[in-house]
Every structure is written in structure tokens, then in C-alpha cells.
Amino acid sequence: MVNPTVQDIFHRFYPLYLEQYSPSPQQAKVAHCIINCKTGAYGANVQFCEDCGHPQIHYNSCRNRCCPMCQALPKEKWMDKRREDVLEAPYFHVVFTVPQELNSLIYSNQQLLYDALYHSVSATINELTADTKHLGARVGYICVLHTWGSEMNYHPHIHVILLGGGLTAKNQWRDKGEEFFLPVKILSKLFRGKYMDELKRLWNEKKLQFHGSSEKYRNHYAFKELLNTCYEKDWIPHCKKTFNGAQSVINYLGKYTHRIAISNHRIIRMDENTVTYYVKDYREEGKWKEYTISGIEFIRRFLMHVPPKRFVRIRHYGLLCTRSKTKHITLCRNLLGCKQYLSKLKDMEAPQILETLYGINVTVCKCCGGHLGKPQQRIPLRI
């Protein structure tokens with residue numbers, strides 16, 4: 001099959017995957033959702049043309065956040081809400097990554113050690129930006145967890161969209177222009193120290209679990225050796241350039257916030273045993289190459305990145321904290337003298353959003369071009 005979807009791959013290989021692996025309840029739920037999305041298993045909405053009487057059926061989607069067919073509208077709606085928070089000011093994209101030696105331990109303790117990543121990143125940024133040597137102001141930023149690399153390998157890291165200025169204790173705006181204002185070496189050491197402190201605290205409180213290849217870290221000496229190895233490494237955060245204008249910030253946010261392990265457009269083909277998809281080779285300046293693995297391995301890698309139940313992947317801090325965001329952003333906007341970008345999709349229903357964004361009018365009959373009435377019937381189908 002050429003250009004298969006993730007759903008096609010699950011239909012073909014998931015039964016074989018179950019013969020070798022036992023997914024967690026959350027992983028099994030995601031697989032179930034992907035397999036049944038837009039197939040009629042979750043019911044359908046039926047509309048009838050008011051002119052010719054032709055019925056039109058829309059199958060319901062699963063709305064799972066890991067399903068590649070259900071991300072477009074949530075992403076657009078989220079981006080639209082963020083439009084009102086964006087300032088005409090410098091923004092930076094910083095990526096915080098941990099050494100790969102920690103991967104097995106993190107995977108065995110996802111909820112705890114993902115949270116520890118957020119805590120360490122926020123504590124690092126807050127401490128450095130509050131220091132008058134670097135900025136001396138309270139900044140705003142959004143953190144998003146990704147757990148995958150280009151090959152769908154396990155690679156937990158945090159993407160941070162960081163406002164390049166903030167409010168001082170006297171509520172004055174302060175920034176340092178287009179240059180990144182935090183020294184990378186200090187950022188690296190401070191982040192490393194804070195994450196390792198969280199790791200040691202969880203060990204001392206006996207909250208860590210050890211499964212698979214992390215089993216050896218039950219031993220105190222093996223765990224101490226792991227810590228020593230991590231301390232010896234340079235945890236170098238990656239910082240990208242600023243954005244050109246507020247709209248580019250909004251578009252950039254959408255690229256990272258609702259991304260999943262792999263999207264359908266990256267999958268090239270599937271045969272009886274394998275799946276081939278595009279990966280980015282960072283050793284050759286990000287050149288796209290074909291990469292082939294078995295279908296069972298594809299599903300194993302995909303399900304590795306299912307987040308824990310009710311886990312919040314997108315988190316707001318500082319000036320963008322939900323409780324005080326409106327007051328702080330309004331003050332910043334007044335100090336900077338910049339305009340406010342208003343929401344375009346607020347209070348719109350899904351049909352209006354589709355027409356506004358994509359020019360798709362779902363109220364027009366495909367047969368005669370007449371007007372489709374409101375859904376008159378919902379057909380719940382049991383799986």
C-alpha cells in the first residue's frame with residue numbers, strides 16, 4: 001500500500017503486535033480509538049438535503065489526542081486562543097533534553113519524571129530570569145513535552161516558547177533585544193542540578209519504580225553510578241532564533257503543541273511485513289531520508305509515546321499562567337504600546353470553523369448543491 005495512514009497500519013499489524021506485547025490500558029485505549037476513528041463505530045450524524053432529500057452521513061471521530069486524524073481542529077482552536085496572549089516582543093524557542101542513559105528509568109516512571117522535567121525547566125528559567133545579571137524580570141513561557149525523536153525512538157525533551165522580556169518588581173517592561181539573554185552554560189548546569197535533585201529526592205522517598213532495562217537501578221550502587229554518569233555529561237539546551245512578528249509565533253506554537261509521534265503525511269508505504277516513513281537525519285543537516293522497520297515495531301514505537309492518563313502536556317508559566325494572565329498581558333501590552341490580536345474562531349461551531357479555515361461548507365449537498373438541514377439523527381453503534 002502506498003501512502004498508508006496510521007489507521008491502516010494498526011488495522012494490519014495490531015493483532016500481530018498483541019501476540020508479542022501487552023499494552024498498558026492507556027495504550028490499548030489509544031489503539032482502539034485509532035482503529036475505529038471515523039468508521040461508524042462511534043456513531044454518525046445524518047443530514048438530509050432540503051431540496052433533493054439526499055442523505056449525507058458524517059462518521060464521528062474518536063477525538064483522542066494521540067490520533068493523527070483528530071488534531072487539526074483542536075490545534076487551530078488552541079492557536080486561535082493563544083492569539084490574544086501574543087505580544088510584539090522577542091520570543092525564543094529553547095529545547096531541554098536529558099541524557100539518554102535516563103531513558104529507561106523515565107519510561108518506567110513517566111508521570112513522576114515527566115513532571116520532574118517540567119519542574120526543573122520552570123525552576124531553572126524562573127531563577128535565571130529573576131537574576132538582575134541576566135534580566136531581572138518575571139517572564140512568560142509555554143512548555144510542551146515531546147517524547148519522540150524523528151525515528152519514533154524514545155527521546156523525552158521539553159520545548160519552551162519563551163517570551164524574551166518581562167515585568168520587573170516595579171511593573172516595568174524589560175528586555176534585552178533580539179539576543180538570547182540567558183547564558184547557555186549556566187542554563188545547562190542549573191537545569192542538570194535541579195533535575196538530578198528531583199531524581200535523588202524521588203529515590204530517597206522510594207517513589208521510583210524499576211521495570212525492564214531499568215531493573216538494575218534498584219541497586220543503590222548502580223543508581224549512584226547512573227547519577228555520576230549523568231553529572232559528567234553536558235546537558236546543553238538548544239536555543240533557536242527569535243521569531244519575525246507575532247503571527248509567526250502563533251504559527252510556530254501550533255507546530256509543537258499538538259504534534260504526535262508521527263503524522264500520516266510522513267508515511268510512504270506499507271507491505272506485508274514492514275512500514276517505510278520519512279525521518280530527518282540531523283547528522284546531514286536535517287535531510288529527509290526513508291526509514292523502514294517492521295509493522296509490529298512501528299506500533300510498539302508509536303504506543304511508547306502515549307502519555308499517562310490525564311497528563312497535561314501543554315503548561316503555562318509566569319506571565320502566561322492562567323490565573324493571572326489577563327492582568328499581566330494587558331499591562332505588558334500597554335507598556336509596549338502594541339496591538340491586541342483578537343480571536344477569530346471564538347464562539348464558532350465546527351461547521352463555521354471549517355468554512356473559515358479551509359473553505360469547506362458542510363451544509364451544502366454534494367448531489368444538487370442544495371442546503372443540508374441540521375443533523376436529525378444520531379446513530380450510536382456498539383463496538
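A residue is called buried here when its relative accessible area is under 20%, exposed when that area is over 50%, and partly exposed in between (1.4 Å probe, protein chains only). Helices (H or I, at least four residues) and strands (E, at least two) are DSSP runs, numbered from the N terminus. The structure is a predicted model, in which local features need pLDDT of at least 70 and side-chain atom pairs count only at pLDDT 80 or more, while totals for chains, interfaces and linings use all residues. Residues are numbered from 1 along each chain as its sequence is written, and side-chain values use heavy atoms, with hydrogens and water left out.

The buried residues are Gly 295, Ile 296, Glu 297, Phe 298, Ile 299, Arg 301, Phe 302, Leu 303 and Met 304.

Now for the chain as a whole. The protein chain holds 11 helices and 13 strands, and its C-alpha trace spans about 70 × 60 × 40 Å along its principal axes. Of the 383 residues, 49% are buried. The chain exposes about 20,300 Å², and carbon and sulfur atoms supply 50% of that area (accessible areas come from the Shrake-Rupley method with a 1.4 Å probe, and for residues only the protein chains shown count as cover). A contact means heavy atoms within 4.5 Å. Among contacts between residues at least 6 apart in sequence, 72% join residues at least 24 apart.

Next come the strands, two of which are said to pair if DSSP finds at least two bridges between them. An open sheet of 5 strands has the order 8-3-5-4-12, and its pairing is antiparallel. Strand 8 (238-240) and strand 12 (314-318) sit at the edges, each pairing on one side only. On average, neighbouring strands of this sheet are turned by 20° against each other, direction ignored (axes are lines fitted to C-alpha atoms, for helices over the stretch in contact, and angles run from 0 to 180 degrees between N-to-C directions). Strand 3 (residues 91-97) pairs with strand 8 in the antiparallel sense over 3 bridges, and His 93 stands opposite Lys 240 in strand 8.

Strand 1 (residues 44-48) has a partner too: 5 bridges join it to strand 2 (residues 55-59), and the two run antiparallel. Ala 44 stands opposite Tyr 59 in strand 2. Strand 1 is mostly covered, with 4 of its 5 residues buried. The hairpin of strand 1 and strand 2 has 6 residues between the strands, and there Gly 53 takes a positive phi near 80°.

Positive phi values turn up in loops as well. Most residues other than glycine have a negative phi. Arg 63, however, has a positive phi near 65°, and this residue lies in the loop between strand 2 and helix 3 (72-82). Arg 63 is exposed, with a relative accessible area of 74%. Asp 347 is not a glycine either, yet has a positive phi of about 70°. The loop that holds Asp 347 lies between helix 10 (325-336) and helix 11, and Asp 347 is exposed, at 73% relative accessible area.

Two other residues show the opposite end of the scale. Ser 214 is in the loop between helix 6 (184-204) and helix 7 (220-232), and counts as buried because its relative accessibility is 0%. Leaving aside residues up to four places away in sequence, Ser 214 touches Ser 104, Leu 105 and Ser 108. Cys 332, in helix 10, is buried as well, with a relative accessible area of 0%. With residues up to four places away again not counted, Cys 332 touches Leu 87, Leu 167, Trp 173 and Leu 319. The C-alpha atoms of Cys 332 and Gly 177 are separated by 15 Å, and these residues are 155 apart along the chain.

Finally, the surface has a nonpolar patch formed by Leu 357, Tyr 358 and Ile 360, with about 250 Å² of accessible area together. Patches are made of residues with over 30% relative accessible area and no salt bridge, joining like charges within 9 Å and nonpolar side chains (Val, Leu, Ile, Met, Phe, Trp, Tyr) within 5 Å. A salt bridge is a side-chain nitrogen of Lys or Arg within 4 Å of a carboxyl oxygen of Asp or Glu. Leu 357 belongs to helix 11 (residues 350-358) and counts as partly exposed because its relative accessibility is 31%.
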